[in-house]
Amino acid sequence: MNTFKNAIGHLLAQAGLSDQVISPVRLVLLVALAIAAALLAGWLCRRIVIPLLLKLTAKTEARWDDVVFNRDVLLSVCRIVPAIVIWVLLPEVFNEHPAVHELLSRLTAIYITVMSVRAAITFADSFRLLEGERRSARQQYLYSFISVLKIILIFIAAIIVVGIAIDKDPSSLLAGLGAASAILMLAFQDTIKGLVAGVRLTSNDMLHKGDWITVPSAGANGRVEEISLTMVKVRNFDNTIVSVTPQTLVDGSFQNWLGMEQSDGRKVSRRIYFDFRNIGIIDEETRRRLVERGYYKESEIGSEAVNLTLFREYIERWIAARPEVNGDMVVLVRQAEATQAGLAVELNFWLKEKAGAPYERQAAGIMEYVFGVTPQFGLRIYQQFPEQ
């Protein structure tokens, strides 16, 4: 570099410039050349290096390199290159002007620090593009760690920038923050609690992105759209967004429908209350009606058969034979505890369809048939009429 500076001075002297003019003109030329070198380095990085790396990653079969080394990450790194060039050239350009060299060195160092942290955050955020519709527990661990790492990077960068600006060792500033630790803990208490709660959620495999959850205390009933350190966003089925803290999910209770969605069916459990006054041994008219309608054969009805018993057995067979019902899972029509509202009969079965609207329609259709066939057995569903 000194040889280059001497060559410029010699050329200016040959051009007839005086010694008083040569020094400032040479400085201006060196500054211009340094800026041009920095701009050229940035241009080469954007126009040659980035396209080359993108082509190389596109040729590989792995998907992670296309996501992690995407254009945004590479552009963030390229923004640091011109500053590095300036940093290298500053001592040679301003060796005769120590005050200017010191000021520009600090500004360049601050710029490099800020842009390096920005590039690291962009690189960390690029991992979000790897996730699918449902985020695994391992991925959630990674994203929780990345969120904490981003906070730490920003905090350390702020300390380094302050240290550079006031010309102090950043490590001494970090050591001096011990007294302010209580204030920092108070400022980041939600983040710390969210991190602990998020680790508990993921370590126990309780929640993933894309899960259908119900949180009665928060009015949430929908799909998990985002899980962060401090918030879990749930899109309800009416398209409203409910934000719930991880701490709320851990300290309280919520229902995750993932097991149901991964199973072979969705359970239907309904109760019907029958009037005690209509429960008894069937008469001849009821016997004849059940045989004529094909509910039973004559030989299948005993002399002392109870209408509710026949009803339970028939409904259980009928439900098990339905095409929309999963007959491989439990189909049970059982007698539950009697109450003042009558004798309860509980129907438990599993529908193959698990989606909301079709599931509700099929369950309603089965129950409506059950209600409609009840009078054929001489039974009456309990109903409390309002006082006249």
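Q: How many bridges join strand S1 to strand S5?
A: In this predicted model, strand S1 covers residues 212–215 and strand S5 covers residues 255–256. The two strands run antiparallel. In S5, Asn-256 is the bridge partner of Ile-213. The number of bridges that join S1 to S5 is two.

Q: Which residue in S2 stands opposite Trp-212?
A: Strand S2 comprises residues 220–227 and runs antiparallel to S1, to which four bridges join it. Within this pairing, the residue of S2 that stands opposite Trp-212 is Arg-223.

Q: What is the phi of Gly-219 in the turn between S1 and S2?
A: S1 and S2 form a hairpin, and four residues lie between the two strands. Gly-219 belongs to this turn, and its phi is positive, at about 70°.

Q: Which residue in S4 is the bridge partner of Val-234?
A: Strand S3 (residues 232–236) is joined to S4 by four bridges, and the two run antiparallel. The partner of Val-234 in S4 is Val-242.

Q: What is the angle between the planes of Tyr-314 and Phe-377?
A: The structure holds seven aromatic pairs. One of them is formed by Tyr-314 and Phe-377, with 5.9 Å from centre to centre. The pair is tilted, and the angle between its planes is 35°.

Q: How many residues apart are Tyr-314 and Phe-377, the pair that links distant parts of the chain?
A: Tyr-314 lies in helix H14 (residues 307–320), and Phe-377 lies in the segment after helix H15 (356–373). Tyr-314 is buried, with a relative accessible area of 9%, and Phe-377 is buried at 1%.

Q: Why is the pair of Trp-318 and Tyr-369 stacked?
A: The ring centres of Trp-318 and Tyr-369 are 4.1 Å apart. Planes under 30 degrees apart count as stacked. The pair is stacked because its planes stand at 15°.

Q: Which helices hold Trp-318 and Tyr-369?
A: Trp-318 counts as buried at 17% relative accessibility, whereas Tyr-369 is partly exposed at 28%. Their pair ties together parts that are 51 residues apart in sequence, because Trp-318 lies in helix H14 and Tyr-369 in helix H15.

Q: Over the face of which residue does Arg-266 lie?
A: Two arginines may be considered here. Arg-317 lies over the face of Tyr-296, at 4.9 Å from the ring centre. Arg-266 lies at 3.9 Å from the ring centre of Tyr-359.

Q: What is the area of the nonpolar surface patch that includes Leu-52?
A: Leu-52 lies in helix H2 (residues 19–59) and counts as partly exposed, at 48% relative accessibility. The patch is made by Leu-40, Trp-43, Leu-44, Ile-48, Val-49, Leu-52, Leu-53 and Leu-56. Its area is about 700 Å².

Notes
Residues numbered from 1 in each chain as written. Predicted model: local features only at pLDDT ≥ 70, side-chain atom pairs only at ≥ 80, totals over all residues. Heavy atoms only, no water. Buried < 20%, exposed > 50% of the residue type's maximum accessible area, 1.4 Å probe, protein only. Pairing = 2+ DSSP bridges. Patch = residues over 30% accessible without salt bridge, like charges linked within 9 Å, V, L, I, M, F, W, Y side chains within 5 Å. Areas by Shrake-Rupley, 256 points an atom, 1.4 Å probe, with all protein chains shown as cover. Salt bridge = Lys/Arg side-chain N within 4 Å of Asp/Glu carboxyl O. Phe/Tyr/Trp six-rings, centres within 6.5 Å; stacked < 30°, edge-to-face > 60°. Lys NZ or Arg CZ within 6 Å of the ring centre and 35° of its normal.
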